Each structure stands twice: as structure tokens, then as C-alpha cells.
Amino acid sequence: MARDLGYTRNIGIMAHIDAGKTTTSERILYYTGKTHKIGEVHEGAATMDWMVQEQERGITITSAATTAFWNYNDDTWQINLIDTPGHVDFTVEVERSLRVLDGAVATFCAVGRVQPQSETVWRQADKYCVPKIAYVNKMDRAGADFLAVVEDIRNKLGVHAIPIALPIGSEEKFEGIIDLIANKAYYYDGDSKELVNYVEKDIPADMLAESDEWRAKLIEAIAGHCDHLLEKYFENPDSITQQELVDTLRKATIGMSVVPVTCGSSFKNKGVQFLLDAIIRYLPSPLDKSEVRGVNPYTSKEESRHPSVESPFCALVFKISTDPFVGRLAFLRTYSGKLEAGSYVLNTRSGKKERISRLFQMHSNKQNPVEFIEAGDICAAVGFKELRTGDTVCVDSSPIMLEAISFPDPVIGLAVEPKTQNDLDKLSIALGKLSEEDPTFTVRGDQETGQTIISGMGELHLEVIVDRLKREFNVEINQGAPQVNYKEAILSTVQHREVFKKQTGGRGKFADIIFEVGPAEDGLVGLQFIEEVKGGNIPREFIPSIEKGFKAAMSNGVLAGYELMAMKVVLKDGSFHQVDSDSLSFEICARRAFRKAIPKANPVLMEPIMSLEVVTPEEYMGDVIGDINKRRGHITNMDSKGNARIVRAKAPLSELFGYVTVLRTLTSGRGTNSMEFLHYAELPSNLAKEVMEKQGWGRRSPSTEDEE
């Protein structure tokens with residue numbers, strides 16, 4: 001008998017660095033009975049932070065999944081929980097987790113409020129239409145202000161945030177919360193680590209007026225989302241029942257028109273049970289998210305799958321990881337149907353069948369074998385050969401391809417080489433495994449120097465990769481200084497004709513193309529290829545080869561060998577030879593045409609620009625701003641929060657290497673910063689010349705040798 005999917009919640013916990021995501025996850029595991037001892041992040045003992053690097057640094061690097069059960073209203077509810085990283089360098093983990101989740105808990109620090117990475121993960125959740133509830137953590141810290149955070153959420157995130165609870169006291173006097181819907185107060189014994197560490201009491205007399213005011217605002221806000229409740233509200237607000245409020249707020253939350261906000265102190269064991277109740281009450285089950293849509297890879301028609309065991313099986317691979325004991329694990333989110341261990345599934349990307357030999361329910365880095373998985377499950381599978389992140393697996397009788405996961409391009413590179421020749425093969429295998437796990441980590445060979453260049457999302461990202469190479473794969477390496485991943489772009493449009501002839505005796509090679517090349521339309525990346533050939537001057541079968549040639553050439557720009565970000569090619573005309581022309585001729589012709597035409601199209605180097613936020617005591621403001629200006633930075637905003645000052649700026653990544661250390665020196669260790677990739681911008685010509693000469697491209701013209 002299939003279980004009722006209405007009793008399942010697939011949720012993630014997302015937030016800025018140090019908002020308390022993992023601590024909250026640990027408390028959820030404890031209070032649901034999943035663990036019998038609370039693991040603390042600062043002690044390096046958190047269940048969900050199982051990697052050595054996570055325990056040493058006290059940060060989350062990989063998203064960890066687990067399943068727990070919570071008793072609510074005399075029923076048992078299954079919560080599939082994913083704890084995600086907060087650091088922008090590991091944004092891939094947040095992106096792919098949100099892609100497969102039904103709901104999310106956005107955690108905010110009661111002192112830090114809405115921080116830059118909070119905004120980033122919120123946008124990521126919006127992209128995948130993930131309903132959210134907000135949890136204001138760290139109410140016990142000095143400077144905690146719950147209502148200020150609610151206001152910050154409304155202003156910075158542009159959402160209708162509604163408090164469903166009020167804190168009783170704050171800072172060291174934080175004792176509990178008032179449930180505004182039930183109109184009750186809960187006092188927590190923070191020192192008690194019993195599964196029930198709170199008592200229900202009347203609302204304190206000195207908070208009755210405030211509680212009534214916010215409860216009235218809550219009821220008014222909820223009633224606005226239901227015509228029936230609105231009528232009752234105007235006639236007699238007291239006639240609205242608690243269940244009606246919960247049901248209407250649930251619908252509004254799932255519809256993403258409101259965000260319920262609660263509070264607590266996870267570290268002090270206060271407010272977590274109320275948060276669990278809110279997860280059950282307001283976040284969607286797989287049934288609430290309705291059907292999932294995809295495309296039949298053979299007919300290209302849109303199809304859908306309903307979240308039920310009766311529908312044909314389909315699941316999305318959202319993560320690949322390597323376990324030392326069971327090998328490669330593919331994390332699956334099952335959207336429909338049922339899959340038994342030992343079954344074959346179709347990989348719609350490759351068109352090949354894969355055997356899933358074993359299935360596991362995950363608890364952090366531990367696997368619990370299961371016989372089968374059903375719609376709504378999040379689990380891991382082993383036994384496959386060619387699965388990658390973003391692949392759809394389904395039954396071959398009902399093929400479907402779900403929307404893949406999009407990942408940002410790496411912005412920083414590092415040259416690595418093995419210390420000994422014996423480590424050469426080990427390094428290649430290790431880098432292959434790591435790039436398979438992490439789509440934002442790429443590996444390429446530099447043709448000029450023969451070095452291996454690894455690229456990632458930031459200094460910390462590459463630091464962790466290098467550490468993993470040494471510890472997990474026992475590969476000792478030498479590494480160079482971090483390098484910026486520049487890109488190239490063109491600013492002008494030019495017309496060009498390229499004729500490719502080669503006669504070597506017997507059948508030769510011939511291709512002739514006339515085209516216009518220029519910048520792509522705003523917002524587009526990659527190659528925008530438009531074919532306007534009339535009269536059959538170039539046979540239809542050769543057109544894809546021309547597009548393929550231009551696309552391949554873009555990976556190696558004409559200024560310094562960096563990838564060309566975007567360009568638009570309009571193929572106007574050309575000619576062919578009945579005997580000598582073939583697909584390869586036209587592909588080579590397009591590559592050569594790229595090399596000759598792009599230098600005339602005003603090519604420029606583009607550098608990654610980062611959004612920088614610095615929090616510093618006021619007395620160091622001048623030094624911090626002066627240092628940012630020296631780094632070619634541009635101050636965009638200055639704000640204050642308590643005794644601290646917040647400086648927001650834009651600055652090139654190339655000027656921000658080692659910035660954390662400099663900032664600590666400038667502010668006597670009291671300043672903090674966070675940065676994330678913003679966009680690419682043109683590199684000033686004097687600096688572009690330096691980069692080109694450093695690459696060795698400033699002293700020679702790019703090669704136009706045929707690549708046959």
C-alpha cells in the first residue's frame with residue numbers, strides 16, 4: 001500500500017553564512033528523534049557537516065540530506081531535509097537542492113538581518129518557485145531585533161512577510177515565543193535537552209497589547225487571501241477559527257503571496273518545535289506542487305507526470321558524489337511512479353539504459369538500504385555508469401526529459417601539477433571525480449604552458465578542492481597563484497568572406513562562406529546563429545557544420561585565448577564544390593573565418609566584477625573606503641546597523657585576492673565581508689595589454705592552423 005504523499009515534506013534550510021542553518025538542522029534531527037545527541041558546529045561534531053573540511057572550518061560545504069519524522073496533530077509526518085551551504089563559493093549546492101525541493105526554511109540572523117547571500121538564495125528559490133517560511137534565529141544575541149528583521153525582509157526581498165509568532169524578551173532575556181494564531185505563549189527551558197523543553201502559559205500581561213495588535217494584523221493579512229474569510233472579518237473577526245487561519249495561510253504560502261515568519265534560538269534550544277509545526281502547517285507536500293512538466297525526447301512534445309505511484313516512474317539526478325565504501329552515488333528526487341532496486345531506467349540525455357543496483361535513504365554521509373522508492377522521495381542510487389547532475393531517469397516505455405539545472409560559470413582559476421610523476425594519473429582521476437561531483441568546478445589543460453588549470457567560484461572553493469585532493473585522494477600537488485577567468489567580447493559588427501581551399505591530390509577541400517559577425521543581443525550568451533542563405537548556394541546539410549565551427553572557435557578567443565562570451569553570426573551567402581566540399585570543410589572554414597573576422601570586430605577583454613559588502617566599526621570606515629577605491633572599487637551604498645557601518649561596493653575580482661586578510665588588518669580583526677559574482681565588465685585597455693602579454697598573446701597573432 002502506497003503511503004499518503006500529503007504527509008511528506010521535502011524541505012531545505014537556506015541562509016547567509018553563520019545564520020545558524022546547520023545548528024537548526026541539528027536541533028530538528030534531535031527533536032524528531034533522528035539523533036540522540038545534539039551535534040554542535042563549533043565543536044566540529046555536527047551530523048550534517050560530516051566532511052573533515054566542514055568540521056575544521058565550521059562551515060557547510062556540501063548539501064547533506066536526511067529523513068526525519070515529526071508527530072503533529074496525532075499523525076506522523078515525514079520530513080526529507082537538506083541542509084545547504086551559506087558561502088557563495090558553494091552556490092551550486094544551494095542551486096541544485098532548491099531545484100528539487102518543495103519548500104524552504106529561510107534562516108536569518110536576528111542581528112545581521114537580511115545579508116547579501118540571503119538575497120542570493122532567496123532569488124534562487126524564487127527561480128524554482130519554492131515556497132518559503134522565514135525563521136529569525138539567534139534571538140539570544142546582543143542586538144537581536146525580530147521586528148526589524150521582518151521589516152528588512154519586506155524591504156530588501158520585496159515579499160509580504162507576516163509574523164506568526166512574537167519573541168518573549170530578546171538577547172539574554174529571550175525566554176520563549178507567542179503563537180499569534182493560537183494566541184498562546186510557549187516558554188522554553190533552554191538548558192533542558194529533553195524532547196519537550198517548553199511549557200504552555202498565558203501571554204504575559206506586559207505583552208498583551210502588542211500581541212493583540214500583531215494578531216489583528218495577521219488576521220487581516222490572511223483574510224485578504226480568501227473572500228469567505230474577508231466577509232467574516234468585516235462582520236466579526238472573532239468568528240474566524242484557528243483552523244481557517246491555518247488553512248488560508250497555508251494556501252497563500254504555497255501560492256508564494258506571503259511568507260510566514262517565526263523566531264527562536266536554535267543554539268539555546270528555543271523555538272525549534274514551533275518551527276517544525278510551521279513546516280508541517282504551511283509548506284507544501286509533493287501533492288501541493290501538482291504535476292511536473294518535461295519534454296518527450298523523441299517527439300519533442302510537452303508531457304507531465306503526476307506525483308503518484310500509479311504514474312510512470314521519473315526522477316531527476318540533482319547531485320553526484322563519491323563514497324569510499326559504495327562508490328558513486330546519484331542523488332535522486334522522485335517525481336512520479338515507483339522504482340525497485342535492481343531495475344533498469346532510461347537516461348534521456350544519453351538515450352542509454354542504466355541499472356540501479358541499490359537504493360539508499362540518506363542520513364548525512366550514512367546510507368540506509370531500501371527496497372524501493374516512490375513519488376516524493378529523495379534518495380541515493382548506485383550501480384549506474386554514465387549519470388550526470390541534471391539528468392532525467394525514467395521508464396523507457398514513457399520517456400520524459402525534465403528541465404535541467406543551470407549553473408554559473410567559474411570565475412577564478414589555479415594552475416596545479418603533481419609533485420611527482422607517480423601522482424600524474426592519480427591527479428587526473430581525482431580531478432575527474434571532483435568535476436563530476438561539482439558542475440561549477442572545471443578542469444582544462446593550458447595549451448601554451450602544458451599546465452592543468454582548475455577553476456571554481458572563489459578562493460575558498462579552490463582551497464577546499466586542493467585540500468580534498470591531498471586528504472581524500474592522497475595526491476600531493478604544487479599550485480600556482482590564483483588567476484582570474486577573464487572572457488572576451490566584441491563591440492562592433494563586421495562583414496567577412498572566407499574561402500577555404502586545400503588540394504592534396506585526389507579529392508580536396510573547399511568551402512566558401514559570407515557572413516556578418518557582431519555582438520549578441522542583450523542578455524544572450526554563447527553563439528546566436530542565424531542562417532539567411534538563399535537559392536541553395538550552401539547545401540542544407542553543411543549549415544550545422546558551419547555553426548559547429550563557430551561555436552568551437554569561441555572557446556579560444558583572439559586576444560588572449562579566453563572564451564568569447566557571446567556573438568551573433570548571420571550567414572548571408574557562400575558557395576560549394578560538387579566534389580571537394582564536405583561537412584569538415586565548412587567547419588574548418590568557419591574556424592578560420594572566426595580567427596580573421598573577430599580581430600576586426602573590436603574585441604575586448606572582460607573581467608568578473610564582484611558585489612562586495614563590508615561590515616565595519618565606524619572608526620575604520622575611512623580606511624576601508626580608501627582601500628576599496630585603491631582596488632578600482634566603486635562604492636554603491638553606505639548604511640548603518642546598530643554600531644556597525646555597512647559599505648556596499650562593486651570591485652573587480654582581480655583586485656580582491658586575499659581581501660579578507662587585508663580587511664582584518666585594517667579593522668583590527670573586527671570587520672567582516674562577503675562577496676558574490678555580479679557581472680562581467682570591460683577591462684581597461686592598459687590592464688588588458690598586461691593580461692595579453694602575460695598570456696604571451698600580445699606578441700603574436702593567433703594561429704589559424706587547420707584543425708583537421
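Trainee: Which residues form one aromatic cluster here?
Mentor: Y7, Y72 and W77 do. Keep in mind that this is a predicted model: local features need pLDDT of at least 70, side-chain atom pairs count only at pLDDT 80 or more, and totals for chains, interfaces and linings use all residues. Residues are numbered from 1 along each chain as its sequence is written, and side-chain values use heavy atoms, with hydrogens and water left out.

Trainee: How many aromatic pairs does a search of the whole structure find?
Mentor: It finds 10.

Trainee: Okay, why is the pair F108 and W122 called tilted?
Mentor: Rings of Phe, Tyr and Trp (its six-membered ring) pair if their centres lie within 6.5 Å; planes under 30 degrees apart are stacked, over 60 edge-to-face, and the rest tilted. The centres of F108 and W122 are 6.2 Å apart and their planes sit at 45 degrees, so this pair is tilted.

Trainee: What makes this pair tie parts together?
Mentor: F108 is in strand β4 (residues 103-109) and W122 is in helix α4 (residues 116-127), so the pair ties together parts 14 residues apart in sequence. Helices (H or I, at least four residues) and strands (E, at least two) are DSSP runs, numbered from the N terminus.

Trainee: Why is F108 counted as buried?
Mentor: Buried means under 20% relative accessible area, exposed over 50%, partly exposed in between (1.4 Å probe, protein chains only). F108 has 1%, so it's buried. W122 comes out at 2%, so W122 is buried too.

Trainee: And what makes the pair Y186 and F274 tilted?
Mentor: Their ring centres are 6.3 Å apart and their planes are at 45 degrees, so they get that label as well. This pair links distant parts of the chain, with Y186 in strand β9 (residues 184-188) and F274 in helix α9, 88 residues apart.

Trainee: How do you know that Y186 is buried?
Mentor: Its relative accessible area is 12%, which is under 20%, so it qualifies.

Trainee: What about E498, buried or exposed?
Mentor: At 2%, E498 is under the 20% limit, so it's buried. E498 belongs to strand β31 (residues 494-502).

Trainee: Which side chain does a polar contact join to that of E498?
Mentor: That of H496, at 3.0 Å. A polar contact is a pair of N or O atoms within 3.5 Å; within protein, one must be able to donate a hydrogen and the other to accept it, and residues adjacent in sequence count only if both atoms are side-chain atoms.
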